[in-house]
Amino acid sequence: MMLKVETLDLFHGDAQALDQVSLAVEAHSVVAIVGANGAGKTSLIRTVAGIHKPARGRILWHGQDIAGWPSHKVCELGIGQVAEGRQIFPTLTVRENLETGAMLKRAKAKRRVNLERVLALFPKLAQRERQAAGTLSGGEQQMLAIGRCLMGEPSLVMFDEPSLGLAPAVVGEMLRTIRTLASEGLTVVLVEQNVAVSLKLADRAYVLENGRIVLEGTGAELLADDRVRQAYLGL
Amino acid sequence: MSVFAALNGRARWLLALFVASLALAPVAADRYILSVLILIFYFAYLGQAWNIMMGFAGQLSLGHSLYVGLGAYVAAALWTKFGVGPWAGMFAGMAVAMAFGAAIGWLGFRFGIAGVYFALLTIAFAEFTRIAFDHMDWTGRAGGLFLPVRAEQAHQWWNLRGGPLLFYYLALALMLGALWLCAALRAARIGHYWLAVREDEAAARALGIDVFAVKMKAVLISSAMASVGGTFYAFYYNNLFPAQIFDMSRSIEMILAPIVGGLGTLIGPILGAFILTPLGEGLIAATEEAGLSAPGTKAVFYGLALMAIVWVAPSGVWPWLRRKLGLETP
């Protein structure tokens, strides 16, 4: 197993954000995490990424426990994240944003190849290479955030609400991009408000409620589940 | 010269022309002009050091006079008390300044003291140190520390004893050395990480950047550079007073050139020093000539210059000039 989370507990002060969360991510698969606002999806991603320190539990990366590792060490393992809210560097150019993502030790030598790959994946970024990232449209900024993450040569990418605040046409493009990346062999953990689409994309999915995993199965199983259909799909 | 690979052809020619004319300037310039140029180089150098903290890493320091003062006092004291030469003294001053920088950085960055609060911390350290030196018998308290002045003809460059030419080329080397160093840092991993931290710390962390370590490197490199400027200052002026060298107005003076020239740019600190220093010195000369000289004239001028720049070109003169000249430089 590529990534295995075992009975993870996380607290923000007194409030428990994650309660005995366990999940598994197989290499080259897409795992969706579904849940309402405040269910703990972002907390889970940020804990795996090393930004929050869990109170208990293990995070196994290819069998090695990395719970509590600082985020810069986690990134060097090949665990990337596209954080919520398009955190690009606004006054740096598109090119500088991408280069910054390629400065990890694991990726520095391959930065030319990766740059070509990212620019081929997002031709719009190639057109705007010398433009300040803050001047891009919302969709382009999200592409830049994804591209910058890919520059770090990750083997697993955790996407946190990649379609948040984007125009519907762009949302489709975004999800197609993630599907393309997955088909090329990237392992994906996807947190997405667009539940129907993310379940269709997912090999395996988990439903989080109040910091607890309440349901898990293949994407198709959850799509057919009455509770999911009622609570998240409005059917 | 790979660090200047980002420059286009025209920018390289202009840079070469600039360096060559400064190298040859002493042929034509008199002592007064040379002394003004030395001052320009000195402020360009210190501006470059401060620019690493604020322009690159986004950490506002208003207490850089601390590092300059420590570099000055340590080297001067070692020279006058123990006969240790200034080149060795420079490294000792660097070590002391870096220790202070590490303490400030650790306190600020470990405990999340950011923005203006971090700036206050830097001011506090500079002020405490000034007061300490005011009462330290060993370095002459508030009465000052004086370096023995020898004949200019001595020409002992290894002891930094000599005439204006020695200090002219030394200051020029400092300014150009700092430009090279900053260009190299800017192009390296650390330069990218500084800018990322300046732009968005949370995003930088998500990208695998050790934010604390990156900021610590900024304060260490910047304090070391500033202290070297202090050693130069001590041996150039031959006298040191705590109230002068550690004063907050010194810290402010130091940050004007990069702000006016263009924060976070490589040429900004140099351009800013070339604009501000001659105007400030010229103003003093003019008011003295007219019999109107009053203390604080320069401070008023600097204040006005700062207001003008914030009004006309808030990102500094260099980004504007660069566009006009059609240059591409970082």
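Because the model is predicted, local features were considered at a pLDDT of at least 70 and side-chain atom pairs at pLDDT 80 or more, whereas totals for chains, interfaces and linings use all residues. Residues are numbered from 1 along each chain as its sequence is written, chains are lettered from A and ligands numbered from 1 in the order in which they are written, and side-chain values use heavy atoms, with hydrogens and water left out. The predictor assigns the complex an ipTM of 0.91 and a pTM of 0.92.

When residues up to four places away in sequence are not counted, Phe41(B) is in contact (heavy atoms within 4.5 Å) with Leu22(B), Tyr168(B), Ala171(B), Leu172(B), Met175(B) and Phe274(B).

Helix H7 (residues 189–199) of chain B is largely enclosed by the rest of the structure, because nine of its eleven residues are buried. These buried positions are Ile190(B), Gly191(B), His192(B), Tyr193(B), Trp194(B), Leu195(B), Ala196(B), Val197(B) and Glu199(B). Their cover includes helix H3 (94–101) of chain A, together with H2, helix H6 (164–187), helix H8 (201–206) and helix H9 (211–237) of chain B. Within helix H3 of chain A lies Thr100(A), a residue that is buried, with a relative accessible area of 2%. Not counting residues up to four places away in sequence, Thr100(A) touches Phe89(A) and Leu92(A) as well as His192(B), Tyr193(B), Ala196(B), Leu207(B) and Ile209(B).

In chain A, helix H1 (residues 41–48) contains Thr47(A), and this helix is mostly covered, with six of its eight residues buried. The buried residues of H1(A) are Lys41(A), Ser43(A), Leu44(A), Ile45(A), Thr47(A) and Val48(A). Thr47(A) has a relative accessibility of 2% and, neighbours within four places in sequence aside, is in contact with Leu8(A), Leu10(A), Leu18(A), His52(A), Pro54(A) and Ile59(A). Just after H1(A), Gly50(A) adopts a positive phi of about 90 degrees.

Over all chains, a search of the whole structure finds 19 salt bridges, each defined as a side-chain nitrogen of Lys or Arg within 4 Å of a carboxyl oxygen of Asp or Glu. Glu153(A) and Lys110(A) form one of these, at 3.0 Å from N to O. Glu153(A) lies in the loop between helix H6 (138–150) and strand E7 (156–160) of chain A, and Lys110(A) in the loop between H3 and helix H4 (111–121) of chain A, so the pair ties together parts that are 43 residues apart in sequence. In chain B, Glu127(B) pairs with Arg130(B), the closest N and O atoms being 3.0 Å apart; both lie in helix H5 (residues 116–134), three residues apart, about one turn of the helix. Glu127(B) is partly exposed at 24% relative accessibility, whereas Arg130(B) counts as buried at 17%. Salt bridges that share partners also join Lys4(A), Glu6(A) and Arg58(A) into one network, in which the side chains of Glu6(A) and Lys4(A) meet at 3.9 Å, N to O.

On the surface, Leu14(B), Leu17(B) and Leu325(B) form a nonpolar patch with about 260 Å² of accessible area together. Patches are made of residues with over 30% relative accessible area and no salt bridge, like charges being joined within 9 Å and nonpolar side chains (Val, Leu, Ile, Met, Phe, Trp, Tyr) within 5 Å; accessible areas come from the Shrake-Rupley method with a 1.4 Å probe, and for residues only the protein chains shown count as cover. Leu17(B), placed in helix H1 (residues 9–28) of chain B, is exposed, with a relative accessible area of 59%.

How values were computed
Helices (H or I, at least four residues) and strands (E, at least two) are DSSP runs, numbered from the N terminus. Buried means under 20% relative accessible area, exposed over 50%, partly exposed in between (1.4 Å probe, protein chains only).
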